[in-house]
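User: I would like to go through this structure and ask, for each label, what it rests on.
Analyst: Go ahead; each answer will set the value against the rule.

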Amino acid sequence: MSGLPDISIGPFQLAQGSIVLPGSKSISNRALLLAALSSGTTTLKNLLDADDTQVMRNALRQLGLSVTDKDDKVCVVEGCGGKFPVQDADLFMGNAGTAIRPLTAALAMQGGNYRLSGVARMHERPIRDLVDGLRQVGAKIDYELAEGYPPIKISAAAIQIKDVVKVRGDVSSQFLTALLMALPLVAIEPVRIEVIGELISRPYIDITLKLMARFGVTVACPDKQSFIIPAKHSDVVYKSPGQLSVEGDASSASYFLALGAIGGGPVKVLGVGKDSIQGDVAFADALALMGAKINAGEDWIEVSGVKNANGKLNGITIDCTEIPDAAMTLAVAALFAEGPTRLNNIASWRVKETDRIAAMAKELKKVGAIVEEGVDYIVVQAPALPSDWKSPIEGIDTYDDHRMAMCFSLAAFGPNALKINDPNCVAKTFPTYFAEFAKVVS
C-alpha cells in the first residue's frame, strides 16, 4: 500500500477474527526517553515501530545515545545516567507531539544548546504552556518563528527551582508529563508542580507516573491538581528496570472493537485488557453504553455484536475528557447508531495532528451524516435511510492524520464503497493497519 494516493474499501457487512495490537505509542516514547535518561541498559519489548517512535529513536541517537533496534519489536537502549553526551544539536521532530514535548523539557535540563523543529503542522501545535513552565525554573527557550509554537531554541542556562512550578492542564496533558519526567534530574529539594485549571487526559498522566516508578522515581499526588517530585540523592536519578514490555496500543484497539460491534463479531484484540494502564481502554465502556456486547480478560477484549433488539448501536452523550483519541472512533461509530451521539469536552482535538473537530465534521457530512460542531463538542446523527448514505467521488480526506484514516475505515460498513485518500498516513502509529483491517472484514 506504500505510496498509494488512495484506496477503495467496502462495502463490508461482517467483521470477525483477532488481532495482536502494536505497542502503545504513549508508552513507547515515554519508555524510550526514560531508558535514555537512566543508568544501565534497558531492553524494551513490543516497542511500537512507527514514524513517531522512530522520531524519538533518531533524536536520541543524534544526542549520542546507543539505541539499537532488534528483531521482534525489541529495542535496546544504553542509558546516559541523565546527561546526554551531545550538548549541541539540531533535532527534527516530524509531527510527533509525544516526542517533542518531553524531549524539550529534558533538553532544557542539560545545560546545552539545542534547536527543535518539525513539519509545518508541528509549527502550528502549541508549546507555550510547557515553555512557560520551564522558564519558571530558569530555562532559556526562544521561539524561532511564531510566539508559542515550534521551532524553538534552547540555550544553556542555570536551572534553579525556587518555588512551586505551575502549568496549565487544559490544552494538553503532555506538558505536565514533560515536566514530571524532566524535573527529577534537577530536584535538589522536593519539587511541587501545580496544575492550573482543568487537567485533561488524566489517564495519560497516570501512564507517566507508573513508568517513572518503574525507573525508580515515585511522584506523590497529595491532591488531583498537585504533584511532588522527590529530591534526588545522587547525580543518577533514573535507574533501568532491565526489561520493560510495552502494552498494546489501546487507541488502536478502538477501531477493531468498533468493528466487532458494527460487523457482528466476534472480534478480539490481544495486548490490552481490563488491567491496562492506558486510559483509552475505557473506550470499551463507551462502546458498551452504545449497546455493544463486550467481554474482557487481563490482556484481551472481545466484542460480539450488539445486544439492542434492533441490532443497532444506540446514540449516547458522553464526556470524553479522559479518552480524547479513542473518542474519534465513537464519532464514526455513530454512523451506525440509532439517535444522535454527542461527544463533549474534546477541545484538545483542535490542536492535534489537524483540527480534528473541523476535519471530522467535514468528512462525516461527506458520507451523509448530520453533524453539529462546537468549540469543544461534536454531535453526529447517522443518515436516516440507506439511500441517504453518500460515497463521495473525491474521497475521504485524512489531513495527514493517522486517526482520521483509521476511523473512517469503519464507514466502509455503510451501503457504499469508500475511497480514503492518503491511507499511508497510518504509518505514524500503525503502519500495517489496513492489512490487519483486511484480515477481519468481509
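**Pockets, cavities and a sheet**

Analyst: In this predicted model, the largest pocket holds about 440 Å³ of space.

User: Which residues lie nearest the centre of the largest pocket, and how many line it?
Analyst: The lining has 23 residues, and Lys-312, Leu-335, Phe-336, Ala-337 and Trp-389 are nearest the centre. Helix 7 (250-262) and strand 20 (337-338) each give at least two residues to this lining.

User: How do the residues of that lining divide by class?
Analyst: There are 16 nonpolar, five polar and two charged residues in the lining of the largest pocket. Leu, Phe, Ala and Trp count as nonpolar and Lys as charged.

User: What is the volume of the second largest pocket?
Analyst: Its volume is about 220 Å³. It is lined by 13 residues, with Gly-82, Lys-83, Met-109, Leu-185 and Lys-232 closest to the centre. The lining of the second largest pocket divides into six nonpolar, four polar and three charged residues.

User: What makes a space a cavity and not a pocket?
Analyst: In a cavity a 1.4 Å probe fits but cannot get out, whereas a pocket is an open set of points. The count comes to three cavities of 30 Å³ or more. The largest cavity has a volume of about 330 Å³. Its lining has 31 residues, and those closest to the centre are Thr-98, Gln-174, Tyr-204, Asp-325 and Lys-352.

User: Which helices each supply at least two residues of the lining of the largest cavity?
Analyst: They are helix 1 (25-37), helix 3, helix 6 (202-214), helix 7 and helix 11 (402-408). By class, the lining of the largest cavity has seven nonpolar, 13 polar and eleven charged residues.

User: Which residues line the second largest cavity?
Analyst: The second largest cavity contains about 40 Å³ of space. Ser-26, Asn-29, Arg-30, Thr-98, Pro-102, Gln-174 and Thr-177 form its lining. Helix 1 gives the most, with three residues. The lining of the second largest cavity has one nonpolar, five polar and one charged residue.

User: Why is Thr-104 called buried?
Analyst: Buried means under 20% relative accessible area. Thr-104 has a value of 0%, so it is buried. Thr-104 belongs to helix 3. Apart from neighbours within four places in sequence, Thr-104 is in contact with Leu-116, Ile-127, Leu-130, Leu-134, Ile-152 and Ile-154.

User: Which residues of helix 4 are buried, and what do they pack against?
Analyst: In helix 4 (residues 128-135), Asp-129, Leu-130, Val-131, Gly-133 and Leu-134 are buried. The buried residues of helix 4 pack against helix 3 (97-108), strand 8, strand 10 (165-168) and helix 5 (174-182).

Conventions. Residues are numbered from 1 along each chain as its sequence is written. This is a predicted model: local features need pLDDT of at least 70, side-chain atom pairs count only at pLDDT 80 or more; totals for chains, interfaces and linings use all residues. Side-chain values use heavy atoms; hydrogens and water are left out. Buried means under 20% relative accessible area, exposed over 50%, partly exposed in between (1.4 Å probe, protein chains only). Helices (H or I, at least four residues) and strands (E, at least two) are DSSP runs, numbered from the N terminus. Contact means heavy atoms within 4.5 Å. On a 1 Å grid over the protein atoms alone, a cavity is a set of points where a 1.4 Å probe fits but cannot get out, and a pocket is an open set with protein on both sides within 12 Å along at least five of seven lines; lining residues have an atom within 4 Å of a point. Grid points are joined across faces, edges and corners, and a volume is the space filled by probe spheres set on the points.
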